[in-house]
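Colleague: I would like to learn how to read a model of this kind feature by feature, with the general idea given before each case. Could we take it slowly?

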Amino acid sequence: MSWLSRLSTRKRLETDLDKELRYHFESQVAEKMLSGSSESEARRLTRIEFGGIEQIKEDCRESRGTLWLEYLVQDIRFGLRQLRKSPGFTSIALLSLTLGIGANTAIFTLVNAILLRPLPVQNPNELVLIGDGRLQGLTFSVPAGQWELFSYPFFHEFRRQAMSYSGIAAVNSSQFVSKASVAGSAYQTTHVDLVSGSYFSVLGVPAFLGRNLIESDDNAPGAGPVAVAQLRVVPTPFQRRSVRARQDHPHSVARLHTGRRRASWFLRRHGRPIHRPLDPALHGGGDLPQPQRS
Amino acid sequence: MTTADKFDLPQGTLDLLIMRIVALGPIHGYAIAQRIQQMSREALQVQQGSLYPALHRLEYKKLLKATWEESETGREAKFYELTAQGRAHLKVETENWSRLTDVVGLILKGTLEGIS
């Protein structure tokens with residue numbers, strides 16, 4: 001018999017237990033009366049011999065093994081009754097629990113996103129940030145002798161001499177928002193980063209469509225500027241076709257494999273930006289530095 | 001009755017005695033108590049407070065099974081009998097018991113001879 005079915009037949013077990021002990025009691029009384037006692041005397045003696053009948057029942061229940069479950073049910077019922085009796089306390093307790101759980105969930109979500117989840121690059125554990133990475137475009141605040149930001153010529157020199165790294169990439173220290181038009185489509189507000197040609201190869205992020213920036217993009221003096229766009233900047237198949245049509249252009253490169261379904265699958269699976277080189281049609285807003293077309 | 005508290009049964013012995021009595025055939029709690037008393041020549045009297053928890057424990061362990069049947073007095077009583085598992089358990093425990101008493105007896109006898 002399982003725990004639950006035992007519990008559901010608890011009433012029957014209780015009556016059985018009572019009946020069983022009563023049978024014993026009556027038999028013992030009858031035996032005493034046979035040996036000559038009066039009924040009242042026999043009952044009195046038997047009661048003394050029995051001791052506490054409730055205690056016997058309790059011991060039987062305990063050896064039956066459902067006692068903890070019965071206690072648990074009783075405790076839960078009692079708890080619920082108490083809660084119903086003091087709605088003020090209940091609502092405050094519930095509110096505290098709700099807030100506590102909510103806050104912890106929110107904090108964990110944040111920590112998980114920022115600290116625990118690895119960067120969407122090939123070997124996140126091998127990435128090193130040179131400098132403390134805290135300052136963004138505030139060169140005037142760099143204390144003398146401590147470089148947290150590096151000039152582009154410094155980066156080139158550093159890359160030429162550094163042997164300890166499998167690759168070095170640079171990203172601009174200032175982040176700015178700009179307008180971009182892809183393949184003659186309408187201008188959209190977009191986030192623009194200036195990166196070195198080694199950026200994608202160092203991070204190990206492949207292009208979904210076309211190719212990423214490569215070293216030669218910023219090595220050849222006088223080479224035209226190249227931009228990489230996130231796929232969501234190029235949302236419609238029509239625009240993608242027009243990008244593909246420009247394949248023969250020197251700066252937008254071959255190996256196009258397109259397809260909206262695959263793109264959306266890719267985005268959902270990895271949730272990372274998809275890059276594609278195309279002719280730059282970047283128009284900086286306001287005081288933003290512009291890539292110079294030679 | 002006068003010999004009720006003459007000595008304590010070692011732990012677990014009561015279960016063994018109960019199973020031995022029950023092995024003779026379906027029997028209710030009151031009769032088990034009486035039978036133990038008779039078979040021990042009045043030396044043992046099992047209290048209800050020990051007997052019934054033990055019966056329920058053995059039933060819970062599936063060593064005994066119980067049915068309600070009419071007793072010799074015409075009233076319904078709960079009759080216990082051994083399950084197959086209980087029978088096997090009784091056999092093993094009886095062997096263990098006789099080995100234990102043999103060994104304990106050997107040692108105790110030796111000590112007494114040494115003292116005397």
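Colleague: Which residue forms a salt bridge with B:K78, and how far apart are the closest N and O atoms?

Modeller: Please keep in mind throughout that this is a predicted model. The general idea is that side chains of opposite charge can pair when their charged atoms come close. In this case the partner of B:K78 is B:E59, with 3.3 Å between the closest N and O atoms. The pair links distant parts of the chain, since B:K78 belongs to strand β3 of chain B and B:E59 to helix α3 of chain B, 19 residues apart.

Colleague: Where do A:D18 and A:K57 lie, and how many residues apart in sequence are they?

Modeller: The side chains of A:D18 and A:K57 meet in a salt bridge of 2.6 Å, N to O. A:D18 is in helix α2 of chain A and A:K57 in helix α4 of chain A, so the pair ties together parts that are 39 residues apart in sequence. A:D18 is partly exposed, at 24% relative accessible area, whereas A:K57 is buried, at 10%. Over all chains the structure holds 16 salt bridges.

Colleague: How should I read a nonpolar core, and which residues have the most contacts inside the largest one?

Modeller: The idea to start from is that in soluble globular proteins, nonpolar side chains tend to be buried together. Here the largest nonpolar core has 31 residues, and those with the most contacts inside it are B:I18, B:V22, B:I32, B:L51, B:L55 and B:L64. Both chains take part, with at least two residues each from α2 (10-34), α3 (39-50) and α4 (53-64) of chain A and from α1 (13-22), α2 (29-39), α3 (48-60) and β3 (76-82) of chain B. The element that gives the most is α1(B), with six residues. A second, separate core has five residues, among them A:V121, A:F200, A:L203 and A:L213.

Colleague: Which residues is B:L64 in contact with, leaving aside its neighbours within four places in sequence?

Modeller: B:L64 is in contact with B:I18, B:M19, B:V22, B:L55, B:L58, B:E59, B:Y80, B:E81, B:L82 and B:T83, a list that includes B:E59, the salt-bridge partner of B:K78.

Colleague: And what covers the buried residues of α2(B)?

Modeller: The buried residues of α2(B) are B:G29, B:Y30, B:A31, B:I32, B:A33, B:I36 and B:Q37, and their cover includes α2 of chain A as well as α1, β1 (27-28), α3 and β3 of chain B. Just after α2(B), B:R41 takes a positive phi of about 55°.

Colleague: Turning to the contact between the chains, how many residues of chain A and chain B are involved, and what area is buried?

Modeller: 23 residues of chain A are in contact with 26 residues of chain B, and the area buried between the two chains is about 2100 Å², with carbon and sulfur atoms giving 56% of it. A:E20, A:Y23 and A:H24 supply 35% of the area that chain A buries against chain B, more than any other three residues. Two salt bridges are counted between the chains, and A:K19 and B:E76 meet in a salt bridge at 2.9 Å, N to O.

Colleague: Which residues form the nonpolar patch on the surface?

Modeller: The patch is formed by A:I107, A:F108, A:L110, A:V111, A:I114, A:L115 and A:L116, which together have about 730 Å² of accessible area. One of them, A:V111, has its place in helix α6 (residues 87-116) of chain A and counts as partly exposed, at 31% relative accessibility.

Note on methods
Residues numbered from 1 in each chain as written. Chains lettered and ligands numbered in written order. Predicted model: local features only at pLDDT ≥ 70, side-chain atom pairs only at ≥ 80, totals over all residues. Heavy atoms only, no water. Core = buried A, V, L, I, M, F, W, Y, C linked by side-chain atoms within 4.5 Å. Buried < 20%, exposed > 50% of the residue type's maximum accessible area, 1.4 Å probe, protein only. Helix = DSSP H or I, 4+ residues; strand = E, 2+ residues; numbered from the N terminus. Contact = heavy atoms within 4.5 Å. Patch = residues over 30% accessible without salt bridge, like charges linked within 9 Å, V, L, I, M, F, W, Y side chains within 5 Å. Areas by Shrake-Rupley, 256 points an atom, 1.4 Å probe, with all protein chains shown as cover. Salt bridge = Lys/Arg side-chain N within 4 Å of Asp/Glu carboxyl O. Buried area = accessible area lost by both parts, 1.4 Å probe.
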